[in-house]
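Student: I'm new to this kind of thing. Could you show me how to read the features here, one at a time?

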Amino acid sequence: MKYPFVLSAFAVVLAAPAWAESEAPGCSDYSEDKAAWSCFCAADAPTGSVWGSGPYTADSNVCAAARHAGVIGPEGGMVALETVDGQASYSGSEANGVVTRDWGSFGKSIAFPPPAASSDLAQCGRLPSGTESHACFCPADASKQRDVWGSGPYTGDSDICAAAFHAGAIDAGGGEVSVLRVPGLKAYSASEAGGVATGDWGGYDFSIVFNRN
């Protein structure tokens, strides 16, 4: 039996936990300590100024920007965001009843990742017993702090989403992954990549890798 390894102090957590709507935090202004997160806009959520047409300046009102982007309607709902690079300029426009403004350069932007076409797949966990290949889905807010051993291949009992972030098979927006079962190794070496710190391990009877085809 394995025991959870201790994450490196430099491991970067890029996403907030998944929330039910009844528990989700309300959307607020941009915070620099978040790279990807989820929040909830109520139907009567206060709106404010928005600059740009997607991406938007990072100090834009989140719920108003989400309305403009068509991510939510007047009834509100869950919003998934990510922090992206700033732009040299932002152009305002009108969409979905929201008017945004022009702006010049800004250091950071917020964007709304498009829904993945594979969102009907089951959320990834670990490779199901007895399977040689497995397709599943990692949401943007999948935890990066779950147990992973190795640096590709990974031990067969590693968490698929955390391994996928480490391998670069998905980015901060999440997405579909295709996992293959391959022979085990005599030893697995730890490393840090994609905001995930993996652990060392000895021999394991099978490994997982990601099919990029």
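Predicted model: local features only at pLDDT ≥ 70, side-chain atom pairs only at ≥ 80, totals over all residues.

Student: Which hand does the link of C138 and C161 have?
Tutor: A disulfide is a covalent bond between the sulfur atoms of two cysteines. In practice, we count a pair of cysteine sulfur atoms within 2.5 Å. Here the angle about the S-S bond of C138 and C161 is -100°, and the link is left-handed. C138 sits in strand β7 and C161 in helix α2 (residues 160-167), so the pair ties together parts that are 23 residues apart in sequence. Helices (H or I, at least four residues) and strands (E, at least two) are DSSP runs, numbered from the N terminus.

Student: Are C138 and C161 buried or exposed?
Tutor: Both C138 and C161 are buried. Buried means under 20% relative accessible area, exposed over 50%, and partly exposed in between (1.4 Å probe, protein chains only).

Student: How many disulfides does the structure hold?
Tutor: Four. Another one joins C124 and C136, with sulfur atoms 2.0 Å apart; at 100° about the S-S bond, that link is right-handed.

Student: What is the order of the strands in the open sheet?
Tutor: Strands pair if DSSP finds at least two bridges between them. The order is β1-β3-β6-β2, with antiparallel pairing. β1 (36-41) and β2 (56-57) are the edge strands.

Conventions. Residues numbered from 1 in each chain as written. Heavy atoms only, no water.
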